[in-house]
Amino acid sequence: MSVLVLGNMGWAPSAMALLSTALAFSLTESSIIVMTHDSIGLGEDGPTHQPIEHLISFRAMPNILMLRPADGNETAGAYKVAVLNRKRPSVLALSRQKLPQLAGTSIDGVEKGGYIISDNSSDNKPDLILIGTGSELEIAAKAADELRKEGKAVRVVSLVCWELFDEQSDEYKGKRLPCCCHC
């Protein structure tokens, strides 16, 4: 049995949906939960539509893939991951903002959980690494552009799914987030 749940991530609906989501996850391994209205950029709906506490709640649940895509490429990749990972429930946190298609994002990159979208450093030694998820990846990319104008070597990493990134080899993770960053 497969379950697909669609819902607004506002505080009250999400809080009430948390138990039903956990129940759906326990009844079937192939659940896909699609939550909307994930945004720090829109404030007209008030603080109830900035569901950071709900994202952490989902990430704390064992064996769940919490995916927070930044644009169309990553959203397609997140759906692909959710459909192909039939043995694990997935939560997709989608923004309601009008987000641009970012240079460097990738459908296939989502499968690794985290990947580099831009980097002007050499020898895997950036001065600074900016990590973004969801709508904040655009902010990280713009900040990197400004820092590069000041002569900084900046890497921008999209961390769409912490759980998938944690499952990668130490070599893979080290090439994206090296321990020798000059930050």
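This report covers local features of a predicted model, from its strands to its helices and loops.

## Basis

The model is predicted: local features need pLDDT of at least 70, side-chain atom pairs count only at pLDDT 80 or more, and totals for chains, interfaces and linings use all residues. Residues are numbered from 1 along each chain as its sequence is written, and side-chain values use heavy atoms, with hydrogens and water left out.

Helices (H or I, at least four residues) and strands (E, at least two) are DSSP runs, numbered from the N terminus. Strand E4 spans residues 90-93. Ser90 and Leu92 point one way from E4, Val91 and Ala93 the other way. All four are buried, that is, under 20% relative accessible area; exposed means over 50%, and partly exposed is in between (1.4 Å probe, protein chains only). In a regular strand the side chains alternate between the two faces of the sheet.

Two strands pair if DSSP finds at least two bridges between them. E4 pairs with strand E2 (residues 30-36) in the parallel sense, over four bridges. Met35 stands opposite Ala93 in that strand. E3 also runs parallel to E4, joined by three bridges. Here Leu65 has Ser90 as its bridge partner.

## The E5-E7-E6 sheet

Three strands form an open sheet in the order E5-E7-E6, with mixed pairing. E5 and E6 stand at the edges, each with a single partner strand, so one side of each lacks a neighbour in the sheet. Neighbouring strands are turned by 25° against each other on average, direction ignored. Axes are lines fitted to C-alpha atoms, for helices over the stretch in contact; angles run from 0 to 180 degrees between N-to-C directions.

E6 and strand E7 (residues 154-159) pair in the parallel sense over five bridges. Leu128 stands opposite Val154 in E7. Helix H4 (residues 136-149) packs on the sheet and touches E5, E6 and E7. Contact means heavy atoms within 4.5 Å. The direction of H4 makes about 175° with that of E7.

## Helix H3

H3 covers residues 72-84, 13 residues in total. Its first and last C-alpha atoms are 18 Å apart, close to the expected 18 Å. The expected span is 1.5 Å times one less than the number of residues.

Glu74, Gly77, Ala78, Val81 and Ala82 are buried in H3. They cover an arc of only 135° around the axis, which puts them on the same side of H3. The arc is that of the directions from the helix axis to the C-beta atoms. At the start of H3, a side-chain oxygen of Asp71 comes to within 3.2 Å of the backbone nitrogen of Asn73.

## Loop residues

Two asparagines have positive phi. Asn63 has phi near 65° and sits in the loop between helix H2 (52-60) and strand E3 (65-67). Asn63 is partly exposed, with a relative accessible area of 46%. Asn124 has phi of about 55°, in the loop between strand E5 (114-119) and strand E6 (128-132). Asn124 is partly exposed too, with a relative accessible area of 28%.

Gln168 lies in the loop between helix H5 (162-166) and helix H6 (170-176). Gln168 is buried, with a relative accessible area of 16%. The side chain of Gln168 reaches the backbone oxygen of Leu164 at 2.9 Å. Not counting residues up to four places away in sequence, Gln168 touches Glu111, Lys112 and Lys173.

Key:
Polar contact = N/O pair within 3.5 Å; in protein donor to acceptor, adjacent residues only side chain to side chain.
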